[in-house]
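This walkthrough takes a ligand site and then a helix. Please keep the sequence and the model open while reading.

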Amino acid sequence: MDSSIPAVADLLAEARFRFGQEFGGDAPQVAVCAPGRVNLIGEHTDYNQGFVLPMALPLVTVVVGKQMPGLDVAVVTATADADEPRRVDFVLPPPGAPLSPGAPRWANYVKGVIQHYRGPPVQGFRAVVVSSVPLGGGLSSSASLEVAFYTFLQQLHPDDGDLVSKAVACQQAEHSHAGVPCGIMDQFVSVLGRAGHALLIDCRSLEFSAVPLSDPALVVLVTDSNVKHSLTGSEYPARRRQCQEAASALGRDSLRGASVEELQEARSRMDDVTFRRARHVVEEIRRTLDGVEALQRRDYRRFGQLMVQSHESLRDLYQVSCSELDQLVSAAMEVEGVYGSRMTGGGFGGCTVTLLEASAVQRTMLHLQERYSGTPTFYVTTASEGARALTFDL
Ligand code: GLA
């Protein structure tokens, strides 16, 4: 069963080769990478100023390139939706003038990052992008592209190096140029992820702490359902609005800090759907903190129970799961040695995350393959480092 993850060195070699091919034998001068992420618990809590617990993945987006005289930009990607061109050429506007989004869609992440870059004005460049983060699979391929590009620009024209502001700038790029009103989780962990650790992020204060996750007896298995329902685009902003309505009904700025009792008391001031959305968020914030405590005690059984509760709440109260994700989660829970499993990311397709004993990995993958009606892709992952510059002698 294929669960292999390409090495960063191989992606780098591919990017370098393509650069030469595309730009008449020219060689790139700088190289960077930024990871995708999987969220262990704390789903749909980031834009409610709650807590999240993601980890950076060994799946990464690599960017190689060099600065060019003038204001011409050329970017080539090895991975894009089939209907889109793989190369984009544009001219940078004068400093302060907007760089409008347009086609191809993937280039909007690049343009957004240029627009929100916090360093000196960006000059012309050539770049090639190669990624092992599956596109649209719920593992934050877009955040990894934004953060990789930001890191690339830092090599050409350094900014002040503030990492939290970097994550916020990448989030702004996604808001303004991809039109997705995402929270801060994906960009944050892609920038600040730590090898061997998950990151507990307080999405209100943007403070964070690294939670050890490197027990060799434990594995984090990511299973891509390989389905993507078209609902994500409209349902995500709808969930944000419902949460805001619930917070207003409680007289609060956000659902952070609200209790279930407080929600119950305000129940008559909101409709049933709004109530259910808010209940998920309030309980999920609590589960995330409980989960961190369990991980610190190495109480994986408890963490697993919280993962399953999170999934059920996302399915029944928040209604962002789908039958394929539900199938994968229930199948995983049938296997001896599995602690917990849940959908991860925005929902309506994408991936599940499963915490299990290392010795149970093979039988779990076999069982999921057998029980799932579709074709899953597996990633046996380890908590990895955030974005970084690379050297060509990797
Ligand atoms: C998407 C968003 C994140 C977060 C998750 C749900 O991945 O980009 O900001 O809201 O959904 O937890």
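In what follows, Ala, Val, Leu, Ile, Met, Phe, Trp, Tyr, Cys and Pro count as nonpolar, Asp, Glu, Lys and Arg count as charged, and the others, Gly among them, count as polar. The model is predicted. By that division, the shell around the ligand holds 4 nonpolar, 4 polar and 4 charged residues.

The shell consists of R37, E43, H44, D46, Y47, C182, G183, M185, D186, Y236, G345 and G346. A polar side-chain atom of D186 is 2.7 Å from a ligand oxygen atom. For R37, a polar side-chain atom is 3.0 Å from an oxygen atom of the ligand. G183 uses its backbone instead: one of its N or O atoms lies 2.9 Å from a ligand oxygen atom. Taken alone, the ligand exposes 310 Å², and the protein buries 92% of that.

The second stop is helix 11, which spans residues 361–371. Its buried residues, each under 20% relative accessible area, are V361, T364, M365, H367 and L368. These residues lie on the same side of helix 11 because they cover an arc of only 165° around the axis.

On the face turned away from the buried side, helix 11 carries the exposed residues Q362 and E370.

Technical notes. Residues are numbered from 1 along each chain as its sequence is written. This is a predicted model: local features need pLDDT of at least 70, side-chain atom pairs count only at pLDDT 80 or more; totals for chains, interfaces and linings use all residues. Side-chain values use heavy atoms; hydrogens and water are left out. Buried means under 20% relative accessible area, exposed over 50%, partly exposed in between (1.4 Å probe, protein chains only). Helices (H or I, at least four residues) and strands (E, at least two) are DSSP runs, numbered from the N terminus. The arc is that of the directions from the helix axis to the C-beta atoms. A residue is near a molecule or strand if one of its heavy atoms lies within 4 Å of it. A polar contact is a pair of N or O atoms within 3.5 Å; within protein, one must be able to donate a hydrogen and the other to accept it, and residues adjacent in sequence count only if both atoms are side-chain atoms. Accessible areas come from the Shrake-Rupley method with a 1.4 Å probe; for residues, only the protein chains shown count as cover.
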